[in-house]
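User: I am new to this structure. Please walk me through it in short questions and answers.

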Amino acid sequence: MLAIPGMCWLCRMPLRVPGWGICSRCQRLRQLRVCPQCGLPAALDTLPCGRCLQKPPVWQRLIAASDYAPPVSGLVHQFKFHGRTALAPALARLLLLKVLAAKRAGALPVADIIISVPLHRARAWRRGYNQSALLAMALSRWLGIRYAAGVVARIKAAAPQRQLSARQRRSNLKDAFRVELPVTGLHIVIVDDVVTTGSTVAQIARQLKRNGAATVQVWCLCRTL
């Protein structure tokens with residue numbers, strides 16, 4: 001996939017604003033009715049689903065730009081595994097539009113800081129960048145919410161989550177994260193690229209809550225349905 005200045009990453013048509021990366025037509029992603037808390041398909045998108053009423057997730061709100069399906073999934077794969085960091089602003093903007101829509105609807109809790117899902121230092125060294133951090137920093141600038149690097153550290157290297165079942169993912173992440181800075185009373189947003197079972201963000205949210213965080217939201221590019 002080659003980047004063509006001034007062209008949409010998806011349809012290759014000229015952009016009115018080159019910095020957007022994705023044209024307004026391609027931004028009209030498939031709209032599915034999902035639960036505002038877990039992000040999974042639901043009868044209503046204004047109230048928690050039955051799953052969340054019976055067993056609420058650790059976080060209070062989940063916003064996803066898209067489900068993990070073409071065309072966004074292809075861009076996310078290039079961004080995450082093939083070093084296409086130039087995609088970060090365009091992908092972050094897709095998420096920004098969903099965040100702003102939730103804000104206009106009055107369904108967005110207050111946020112004091114934005115953090116990103118951390119990589120273990122060995123994986124960060126191999127990849128050369130943290131894709132979630134690139135998204136979080138862009139959202140921080142646009143929304144005027146402080147990006148707080150280093151709040152949570154990944155202290156345990158583990159097998160890639162995509163190769164594991166839901167049960168294996170939970171076991172794989174046991175004791176993987178540690179809160180490094182004070183979070184008492186803070187309303188925190190965790191930014192991730194893809195949420196599949198939710199095991200990773202749940203572990204981070206749990207650690208934040210144990211250390212006194214008031215609320216936790218999850219913002220992600222894609223939610224696997």
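**Sheet, helices and contacts**

Analyst: Start with strand β7, residues 215–223. Nine of its nine residues are buried, so β7 is largely enclosed by the rest of the structure. Keep in mind that this is a predicted model.

User: In what order do the five strands of the open sheet lie?

Analyst: The five strands pair in the parallel sense. β1 and β3 are the edge strands, and each pairs on one side only. The order is β1-β7-β6-β2-β3.

User: Which residue in β7 is the bridge partner of isoleucine 63?

Analyst: β1 and β7 are parallel and share six bridges. In β7, isoleucine 63 is partnered by tryptophan 219.

User: What is the hand of the β-α-β crossover from β6 to β7?

Analyst: β6 and β7 run parallel and are joined by eight bridges. In one of these pairings, valine 189 has glutamine 217 of β7 as its partner. Between the two strands the chain passes through helix α7, residues 199–210, and the crossover is right-handed.

User: Which residue of β3 is the bridge partner of isoleucine 114?

Analyst: β2, residues 113–116, runs parallel to β3, and two bridges join them. The β3 partner of isoleucine 114 is tyrosine 147.

User: How far apart are the end C-alpha atoms of helix α5?

Analyst: Helix α5 covers residues 131–143, which is 13 residues. At 1.5 Å a residue, α5 should span 18 Å. The model agrees, because the end C-alpha atoms are 19 Å apart.

User: What lies at the start of α5, and which residue follows the helix?

Analyst: At the start, a side-chain oxygen of asparagine 130 comes to within 2.9 Å of the backbone nitrogen of serine 132. Ser132 is among the buried residues of α5, as are Leu135 and Leu139. After α5 comes a residue with a positive phi, near 70°: glycine 144.

User: How many salt bridges does a search of the whole structure find?

Analyst: Side chains of opposite charge can pair when their charged atoms come close. Aspartate 193 meets lysine 80 at 3.2 Å, N to O. Glutamate 180 pairs with arginine 178, with the closest N and O atoms 3.0 Å apart. The search finds two.

User: How many residues separate aspartate 193 and lysine 80, the salt-bridge pair that links distant parts of the chain?

Analyst: The side chains of aspartate 193 and lysine 80 form a salt bridge. Aspartate 193 sits in strand β6, and lysine 80 in helix α2; they are 113 residues apart.

User: Is aspartate 193 buried or exposed?

Analyst: The cut-off for buried is under 20% relative accessible area. Lysine 80, at 21%, therefore counts as partly exposed. Aspartate 193 is at 1%, so aspartate 193 counts as buried.

User: How many aromatic pairs are there, and what is the angle between the planes?

Analyst: The count comes to one aromatic pair. Phenylalanine 79 and tyrosine 129 form this pair, 6.5 Å centre to centre. Phenylalanine 79 lies in helix α2 and tyrosine 129 in the loop between α4 and α5, 50 residues apart. Both phenylalanine 79 and tyrosine 129 are buried, and the pair is tilted, with planes at 35°.

User: Is the peptide bond from proline 70 to proline 71 cis or trans?

Analyst: Most peptide bonds are trans. Proline 71 lies in the loop between β1 and α2. For the bond from proline 70 to proline 71, omega is near 5°, and the bond is cis.

Conventions
Residues are numbered from 1 along each chain as its sequence is written. This is a predicted model: local features need pLDDT of at least 70, side-chain atom pairs count only at pLDDT 80 or more; totals for chains, interfaces and linings use all residues. Side-chain values use heavy atoms; hydrogens and water are left out. Helices (H or I, at least four residues) and strands (E, at least two) are DSSP runs, numbered from the N terminus. The expected span of a helix is 1.5 Å times one less than its number of residues. Buried means under 20% relative accessible area, exposed over 50%, partly exposed in between (1.4 Å probe, protein chains only). A polar contact is a pair of N or O atoms within 3.5 Å; within protein, one must be able to donate a hydrogen and the other to accept it, and residues adjacent in sequence count only if both atoms are side-chain atoms. A salt bridge is a side-chain nitrogen of Lys or Arg within 4 Å of a carboxyl oxygen of Asp or Glu. Rings of Phe, Tyr and Trp (its six-membered ring) pair if their centres lie within 6.5 Å; planes under 30 degrees apart count as stacked, over 60 as edge-to-face and the rest as tilted. Two strands pair if DSSP finds at least two bridges between them. A crossover is right-handed if, with the strands pointing away from the viewer, the path from the first strand over the helix to the second runs clockwise.
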